[in-house]
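Walk me through this structure.

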Amino acid sequence: MFQKDFLWGGAVAANQFEGAWDADGKGPSVPDLCTNGTRDRAKWITQKVRPEYLYPSHEASDFYHHYKEDIALLAEMGFKCFRLSISWSRIFPTGLEETPNEKGLEFYDKVFDECKAHGIQPLVTISHYEMPYMLACRNNGWLSRETIDCFLRFVETIFARYQGKVKYWLTFNEINAGQMPLGDVISTSMVAGYEGPVDGIRHTEQERYQALHHQLVASAKTVILAHTQYPEYSIGNMITFVVSYPLTCAPQDILMSQQHMQQSNWYCSDVQVRGRYPYYAEKMWRDKGVQLEIAPGDLEALQQGTVDFMSFSYYMSICVGQQGEKDKVSGNLTGGLKNPYLETSDWGWQIDPIGLRYALNEAYDRYGIPLMVVENGLGAIDQLEEDGSIHDSYRIDYMRKHIQQMALAVEDGVDLMGYTCWGCIDLVSLTTGEMRKRYGMVYVDKKDDGSGSLQRRRKDSFYWYQKVIASNGEDLDE
Ligand code: BGP
């Protein structure tokens, strides 16, 4: 079964959860310029805040003013670990300052102290889909090498400040999203001079892979900094793991699926875990017309800066094959072909718990280092009953089945450190900016139009997860 010190918990990201977007000296980040959207209507990016639009990150779930209450609720569930990100523009408002914003640093001091008081380990994502907007405009996000130095100044600051308070760190959230057509906008912040729907920006493969190279170098240099100056830190990478299956047993489909796994899932983690671009990279770049500009010292940094553990988000699997162009399923940043054996969520994401056991075995077989599932969960519409209860048995069912498969993977021999389900307290959806797409075990009274008291309520899944953690994953009954 799960190891004795298994890190049970949940995960959030600053821009989807904190709110207080311009409080205490914080500068605007790219998500602060993103309006709300729906499953069928993409969010917009505007070049300045326009009064006619709603910007969900501005208030979000207002963790900034509710952190004590929220961390107490997590502690009540028995959390061992709380994954959260640090907002870069809270610390460096434009990304270019030489000295950090003290008030921003103090906020996270308070959050980590509160976690410590409740015996909860923070797991900090250094960069979760955000960047100071000024820096994004000046450098077109990660396209410029200069961004690496600005990022490292941010990393040095938080590494020094939170010594003794944080042990576990992740460099970039879902770094491989940068390879994907919509993911590149969200992950690499290449938004300079653009106003329009987020899915309307077009980047060339050259730009995408170059920006990603800069992120990979920044990630490696972050790991090197930790290993040389903060040996007590444990640093992981983080990818979005969208398992692909061949649509049929036609050899062409098998090969396509293998290539998809290499190019979409392994490309970044191969670099971050093994310390070099994989053997299939050269051909992939050639096919895509990419000519990477690799500066002296980059490859050495990649080689030295390999992570201590690997983490990933897991929500779904897809099929890949030559035929079936019409039967598509969506995903958060990437879609694929429909699998006839699987159901989908209300947002069209394919639900596949067994795929998680498969993913864990594949990753462990490939790398042999400890793994952690740092995002997983069901985005669903919850019904608030008159008595204030929320009966989310569908969420319990989803989580139970995924935890069961994790337990089987552990039985298979996989070294699994922990599980932090996504959006443990309701927050803003990344892809649509909606509030009604909820993942939490704690309900936040807030609607898509921005109204609501922000009051927190325990859902049925809250009490269920409490039992799961108390029994170290043995008791999964409702
Ligand atoms: C992941 C992101 C999260 C998150 C989650 C759910 O890709 O790392 O930030 O929000 O997906 O996606 P969504 O919010 O679109 O439902």
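A cavity here is a set of grid points where a 1.4 Å probe fits but cannot get out. Its volume is the space filled by probe spheres set on those points. The model is predicted.

Rolling a probe the size of a water molecule over the atoms shows where empty space is left. Searching the whole structure gives five cavities of 30 Å³ or more. The largest cavity holds about 210 Å³ of space. It is lined by 20 residues, and those closest to its centre are N15, P31, C34, K43 and L430.

Now take the open space. The largest pocket has a volume of about 760 Å³. Its lining counts 30 residues, with H260, Q263, S264, K288 and V320 closest to the centre. Which elements supply at least two residues each to the lining of the largest pocket? They are α8 (205-229), α9 (251-274), α10 (281-288), β10 (317-320), β11 (328-329) and β12 (336-337). Helix α9 gives the most, with six residues. By class, the lining of this pocket has 13 nonpolar, ten polar and seven charged residues.

Strand β8 (residues 243-246) pairs with β10 in the parallel sense, over four bridges. One of the contacts along this pairing sets P246 against its bridge partner V320 in β10. V320 is also among the residues closest to the centre of the largest pocket. Helix α8 contains A220. A220 counts as buried because its relative accessibility is 4%, under the 20% cut-off. A220 and G275 lie 55 residues apart in sequence, yet their C-alpha atoms are 8.5 Å apart in space.

Strand β3 (residues 81-85) runs parallel to β4, and five bridges join them. Here S85 stands opposite T125 in β4. Strand β5 (residues 168-172) also pairs with β4 in the parallel sense, over four bridges. L123 has Y168 of β5 as its bridge partner.

The aromatic rings come next. The structure holds 40 aromatic pairs. Take Y64 and F107: their ring centres are 4.3 Å apart and their planes stand at 35°, so the pair is tilted. This pair links distant parts of the chain, with Y64 in helix α2 (residues 63-77) and F107 in helix α4 (residues 102-117), 43 residues apart. Are Y64 and F107 buried or exposed? Both are buried. Compare F151 and F154, whose ring centres are 6.2 Å apart and whose planes stand at 65°, so that pair is edge-to-face. F151 and F154 both sit in helix α6 (residues 146-161), three residues apart, about one turn of the helix. F151 and F154 are buried too.

Ring pairs also build a cluster, which links F17, F63, Y64, Y67, F82, F107, Y108, F112 and Y162. The charged end of R90 sits over the ring of F107, 5.6 Å from its centre. Elsewhere, R438 lies over the face of Y443, at 4.1 Å from the ring centre.

Finish with the backbone. E174 has a phi near 40°, a positive value in a residue other than glycine. E174 lies in the loop between β5 and α7. At 2% relative accessibility, E174 counts as buried. L454 is not a glycine either, and its phi is positive at about 70°. The loop that holds L454 runs between β17 (442-444) and β18 (456-458). L454 counts as buried, at 7% relative accessibility.

Note on methods. Residues numbered from 1 in each chain as written. Predicted model: local features only at pLDDT ≥ 70, side-chain atom pairs only at ≥ 80, totals over all residues. Heavy atoms only, no water. Phe/Tyr/Trp six-rings, centres within 6.5 Å; stacked < 30°, edge-to-face > 60°. Buried < 20%, exposed > 50% of the residue type's maximum accessible area, 1.4 Å probe, protein only. Lys NZ or Arg CZ within 6 Å of the ring centre and 35° of its normal. 1 Å grid on protein atoms, 1.4 Å probe; cavity = no way out; pocket = protein on both sides within 12 Å on 5 of 7 lines; lining within 4 Å. Nonpolar A, V, L, I, M, F, W, Y, C, P; charged D, E, K, R; others polar. Pairing = 2+ DSSP bridges.
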